Amino acid sequence: MTKNSSIYWNPLLETMDREKLRSLQLKKFKRIFEWAYNNSPFYKKLYKDAGIEPGDIKTYEDIKRVPKIDKGMLRNTQSKEPFPYGDMLAVPLTEVTEFRQTSGTTGTPVYQADTWQDWEWWSECWAYILYAQGYRDTDRLFLPFGYNIFVAFWACHYAAEKLGCEVVPGGVLDTEARILKMQELKCTAFAATPTYVLGMADTAMKIGIEPKSIGIKKITCAGEPGASIPATRKRIEDAWGAKVYDHIGATEIGAWSYMCTVQKGLHVNEAFFLVEIEDTETGEIIEEPMKNGKMIITAFDRYAKPCIRFDSKDVIRWADYDCECDRTFRCIDGGVIGRADDITKVKGVLLAPTAIEEVVRDFEELSDEYEVIVTKKGDIDDIMLKIEIKPGCESRKEDILKRLKDQLRVKTNLGYKIEVHPFGSLPRYTLKAKRFKDLRKH
Amino acid sequence: MTVDDKIDKIDEKIKEIKKAVSEIERLASDIEAIKKNLVRLRASVKMLELNVSDVKMVM
């Protein structure tokens with residue numbers, strides 16, 4: 001154990017020697033592979049068809065031979081028994097205690113089954129996140145999300161309880177009521193999507209409350225890449241006077257990554273997950289830093305509906321730096337950079353929607369909301385950026401637009417049409433925002 | 001005590017808890033209140049295994 005063991009939830013794993021960590025990953029991969037092979041009809045068929053069985057996984061290299069799964073396969077299996085999860089299920093239905101589903105933004109929702117042990121595992125993963133972000137039993141954490149069928153911050157709730165925090169569930173309250181409750185109870189932290197965190201600051205101002213006066217010390221963001229985009233994080237930190245930390249997770253996967261108090265990259269919880277980054281063109285696994293690829297992920301300890309080599313389509317890259325916190329869990333740089341199916345060629349240039357966000361959020365004169373619409377006129381792609389100028393800044397409109405166009409060209413190598421909308425008129429989101437619309441595909 | 005010794009000791013205790021859970025289950029499998037609370041206990045024990053016993057695999 002290291003001298004600073006108090007900053008770690010579990011120093012045994014978080015500071016484990018890299019070689020041992022890799023060896024642990026191989027052993028845990030074998031364990032979940034064997035479990036899935038023996039208990040899930042879906043996986044058994046998948047692996048038998050590929051001619052691979054548990055005894056074949058001997059080295060780290062062998063993992064690459066294991067077939068990947070994707071969201072389409074998760075959806076298809078749902079049409080089979082047992083209802084409603086299908087034959088990927090690896091435990092008797094009577095052991096399932098939790099139902100959650102994906103939001104369905106990319107198609108039919110995926111239904112996720114968890115046993116109580118899996119649910120405990122979910123909150124254990126979140127405990128790593130919260131502890132690394134400085135949450136302790138002195139915190140009063142407010143959770144402003146609709147406690148419903150989406151996994152959202154459910155596991156955050158249970159993990160915070162595990163840490164000994166006092167948890168205030170802000171479920172069915174509206175935004176105003178949530179702000180008033182946070183103020184009344186002197187909450188020290190809250191967790192939400194970056195979009196909603198910014199929206200809450202707006203609403204607070206509208207009802208005459210300066211967000212900074214509430215006394216929030218830290219905010220954990222998830223659901224969107226915003227908190228890993230420096231301009232967006234700065235905007236949130238300036239609005240709330242709090243430290244902002246990112247976290248990445250997904251319903252089908254679990255809570256696999258977190259920013260620690262150093263606020264540099266995001267650590268992958270490599271004791272609980274195997275993250276592989278695949279070159280989208282060659283299919284090779286990328287080990288070198290700062291090279292983008294799509295994430296293939298395995299959750300080692302989720303048993304009801306195992307997640308083994310799941311092609312998440314999230315584009316990420318390994319960082320080229322070590323974190324000062326001394327965790328040996330490798331970092332990814334910049335969070336989720338985009339979706340393999342969102343990063344698209346426009347006018348022959350590869351465009352990641354996060355690059356646009358980085359530019360827009362750097363303009364103090366612009367509101368938090370924007371929208372990007374890509375269309376095709378004849379053979380020519382067209383990008384329209386819709387923005388709002390903050391009240392009081394309208395007189396500088398021409399200067400703002402010129403600087404914005406210049407910055408966008410520098411950052412993305414593309415020209416944009418910009419449409420200015422009245423302040424407050426673009427859609428506001430409470431969960432995941434859908435700001436990038438590629439209408440060429442429809 | 002070295003870290004490895006400490007892990008060994010904790011792991012032994014975890015095994016003892018698991019054994020105790022199984023014994024209680026055997027004694028009281030007809031009592032729903034015990035059976036269902038043991039499910040929760042097992043899940044918590046599993047988290048101890050993930051955090052400590054798994055480390056033994058690479059010691």
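1. Helix α5 of chain A is largely enclosed by the rest of the structure, because 15 of its 17 residues are buried. Here a residue is buried if 20 or more other C-beta atoms lie within 10 Å of its own, exposed if 12 or fewer, and partly exposed in between, with C-beta atoms placed from the backbone. From first C-alpha to last, α5(A) reaches 24 Å, close to the 24 Å expected at 1.5 Å a residue; that expected span is 1.5 Å times one less than the number of residues in the helix. Gly134(A), with a positive phi near 90°, follows α5(A).

2. The model is predicted: local features need pLDDT of at least 70, side-chain atom pairs count only at pLDDT 80 or more, and totals for chains, interfaces and linings use all residues. Residues are numbered from 1 along each chain as its sequence is written, while chains are lettered from A and ligands numbered from 1 in the order in which they are written.

3. Chain A as a whole. It has 11 helices and 20 strands, where helices (H or I, at least four residues) and strands (E, at least two) are DSSP runs, numbered from the N terminus. The radius of gyration of chain A is 22 Å, which agrees with the value near 22 Å for a compact globule of 442 residues; the radius is taken over C-alpha atoms, and the globule rule is 2.2 Å times the number of residues to the power 0.38. Along the principal axes, the C-alpha atoms of chain A fill a box of roughly 70 × 60 × 45 Å. Buried residues are 45% of the 442 in the chain. Of the contacts in chain A with a separation of 6 or more, 68% are between residues 24 or more positions apart; two residues are in contact if their C-beta atoms, placed from the backbone, lie within 7 Å.

4. Contact with chain B. Chain A gives 14 residues and chain B gives 16. On the chain A side, the elements that give two or more residues are α1 (11–14), α2 (18–39) and α5 (116–132). The largest share, five residues, comes from α2(A). By class, this side of chain A has five nonpolar, three polar and six charged residues. Ala, Val, Leu, Ile, Met, Phe, Trp, Tyr, Cys and Pro count as nonpolar, Asp, Glu, Lys and Arg as charged, and the others, Gly among them, as polar.

5. Domains of chain A. The assignment gives domain 1 (1–339) and domain 2 (344–441); such bounds come from an automatic or database domain assignment. The domain centres, taken over C-alpha atoms, are 29 Å apart. Their contact takes 17 residues from domain 1 and 15 residues from domain 2. On the domain 1 side, α8 (194–206) and α9 (230–240) are the elements that give two or more residues, and α8(A) has the largest share, five residues. That side has six nonpolar, eight polar and three charged residues.

6. Two residues to look at. Glu237(A) is in helix α9 of chain A and counts as partly exposed, with 15 C-beta neighbours inside 10 Å. Not counting residues up to four places away in sequence, Glu237(A) touches Ala242(A), Lys243(A) and Val244(A). Ala355(A) lies in helix α10 (residues 353–360) of chain A and is partly exposed, with 19 other C-beta atoms within 10 Å. Leaving aside neighbours within four places in sequence, Ala355(A) is in contact with Lys411(A) and Thr412(A). Ala355(A) and Arg233(A) are 122 residues apart in sequence and 14 Å apart in space, C-alpha to C-alpha.

7. Strand β5 (residues 189–192) of chain A. Ala189(A) and Ala191(A) point one way, Phe190(A) and Ala192(A) the other way, and all are buried. Strand β3 (residues 140–143) runs parallel to β5(A) and is joined to it by two bridges; two strands pair if DSSP finds at least two bridges between them. Phe142(A) stands opposite Phe190(A). Pairing of β5(A) with β6 (residues 218–221) is also in the parallel sense, over four bridges, and Ala191(A) stands opposite Thr220(A).

8. A four-stranded open sheet in chain A has the order β10-β11-β12-β14, with antiparallel pairing. β10 (273–278) and β14 (338–339) stand at the edges with a single partner strand each, so one side of each is left without a neighbour in the sheet. Strand β12 (residues 310–316) is joined to β14(A) by two bridges, and Val315(A) has Gly338(A) as its bridge partner.
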